[in-house]
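Please look through the sequence and the structure shown here before reading on. The report after them takes up a few local features one at a time.

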Amino acid sequence: MKTMSQVPFVDLKGQYESLKGEILPAIEKVLDSCAFILGPEVAAFEKEFAEYVGTKHAIAVNTGTSALHVALEAAGVGPGDEVISVPMTFVATTAAIVYCGARTVLVDVDPVTHTMNPALVEAAITPHTKAIIPVHLYGQPADLGPIQEICRKHNLILLEDACQAHGAEYKGQRCGSLGHMGAFSFYPGKNLGAYGDSGLAVTNDDELARKMRMLRDWGCEKKYHHELSGYNYRMDNIQGAILRIKLRHLEKWTEARRAHAAFYDQHLKGLNLEFVPQKDYARHVYHLYPILVENRDQVMRTLAEEGVQSGIHYPIPVHLQPAYANLGYKEGDFPVSESIARRTMSLPMFPEMTQEQAQRVVDAVKKAVK
Ligand SMILES: *Cc1c(COP(=O)(O)O)cnc(C)c1O
């Protein structure tokens with residue numbers, strides 16, 4: 001069998017090698033200080049990330065899921081409330097709603113962007129609706145303008161799931177800064193990834209920020225004075241130090257992702273497949289680059305034979321997951337999401353991808369779909 005170098009789906013090792021000289025001394029400094037939880041690196045990262053997004057506050061937590069959870073709780077979402085979101089996302093979006101004891105109400109996504117279809121939202125609003133969570137899927141903002149309008153009209157909280165959208169923009173404004181709150185994940189594979197789990201919530205609202213800050217650390221502002229029933233959702237100081245370093249590289253990495261995506265767009269146009277175009281309103285940051293094909297198994301097999309890794313994000317929409325059967329939905333309820341889930345597959349996408357690797361991906365896809 002001929003051996004062939006693989007085009008990986010992502011290359012965390014390549015990125016680490018390029019940063020090692022900056023990362024290791026920063027970790028050593030934290031270890032020497034013995035300030036392990038929250039701490040000065042986390043505080044500095046919060047300040048720098050808030051500046052990057054363009055919000056007044058950033059609250060560092062231990063995961064993106066926790067960021068969504070404290071945001072909803074700070075807004076007063078609880079049992080008896082409904083929160084509107086989408087089936088075409090990672091399950092964490094719904095999990096955070098479940099953690100609050102609230103009910104998830106789903107609306108289908110747009111067939112072109114795969115993000116929340118604003119035209120479907122108003123029909124899903126009831127007297128119990130408290131918040132809306134659009135997901136900036138793959139790194140492209142949902143169409144936030146009409147959703148902001150609906151939130152204003154019905155007095156609803158707008159929480160952006162920006163866990164895939166670090167640095168993405170809607171009409172020139174950074175994702176996370178357009179709603180009442182925004183949630184980010186720094187899971188290692190995300191566009192800005194820690195070396196472990198981490199997340200963060202942003203807001204311009206002083207009171208929401210104060211509550212989220214308390215909720216992440218046992219409901220305290222003052223140690224051992226528990227004002228709220230809170231959680232242990234704190235970020236490690238080591239992750240803060242690593243994220244500060246990586247944040248300084250993020251724009252360069254994002255531009256590299258955008259260049260790879262433009263190359264894919266150009267060469268996949270006209271083939272027997274669909275891809276998700278960048279909308280006029282968007283700066284898309286391409287956490288993922290999915291294509292839709294009818295014979296996915298076959299296409300993925302051909303790519304694998306050509307040494308090109310691929311993934312599926314996501315094979316099963318939230319409403320068809322056994323864990324969320326109690327939401328009461330069934331197959332056929334969200335035909336657009338179901339059709340995407342049946343056909344979607346993600347191509348390699350990471351900043352360090354070479355031109356030669358991108359060309360190999362394009363050649364393999366051409367061979368697979370012809
Ligand atoms: C990654 C992700 C999350 C959850 O983030 P974690 O840090 O893994 O908890 C939530 N929503 C979306 C859309 C994500 O991609």
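Predicted model: local features only at pLDDT ≥ 70, side-chain atom pairs only at ≥ 80, totals over all residues.

**Around the ligand**

There are 14 residues around the ligand, and those that come nearest are Gly64, Thr65, Gln164, Ser185 and Lys190.

| Residue | Atom of the residue | Atom of the ligand | Distance |
|---|---|---|---|
| Gly64 | backbone N or O | oxygen | 2.8 Å |
| Thr65 | polar side-chain atom | oxygen | 2.5 Å |
| Asp161 | polar side-chain atom | nitrogen | 2.9 Å |

On its own the ligand has 380 Å² of accessible area, and the protein covers 92% of this.

**Two helices in contact**

Helix H2, which spans residues 40–53, and helix H7, which spans residues 237–247, have axes that come within 7 Å of each other and cross at roughly 35°. The crossing of H2 with H7 is left-handed. On the side of H2 the contact is made by Pro40, Glu41, Val42, Ala44, Phe45, Glu48, Phe49 and Tyr52, while H7 contributes Asn237, Gly240, Ala241, Leu243, Arg244 and Leu247.

**Two features of the backbone**

Most residues other than glycine have a negative phi, and most peptide bonds are trans. Leucine 38, which lies in the loop between helix H1 (12–33) and H2, has a positive phi near 50° although it is not a glycine. A cis peptide bond, with omega about 10°, joins histidine 313 and tyrosine 314, and tyrosine 314 is found in the loop between helix H9 (296–305) and helix H10 (335–343).

How values were computed: Residues numbered from 1 in each chain as written. Heavy atoms only, no water. Axes fitted to C-alpha atoms, helices over the stretch in contact; angles between N-to-C directions. Helix = DSSP H or I, 4+ residues; strand = E, 2+ residues; numbered from the N terminus. Left-handed = near helix turned anticlockwise from the far one by under 90°. Contact = heavy atoms within 4.5 Å. Near = heavy atom within 4 Å. Polar contact = N/O pair within 3.5 Å; in protein donor to acceptor, adjacent residues only side chain to side chain. Areas by Shrake-Rupley, 256 points an atom, 1.4 Å probe, with all protein chains shown as cover.
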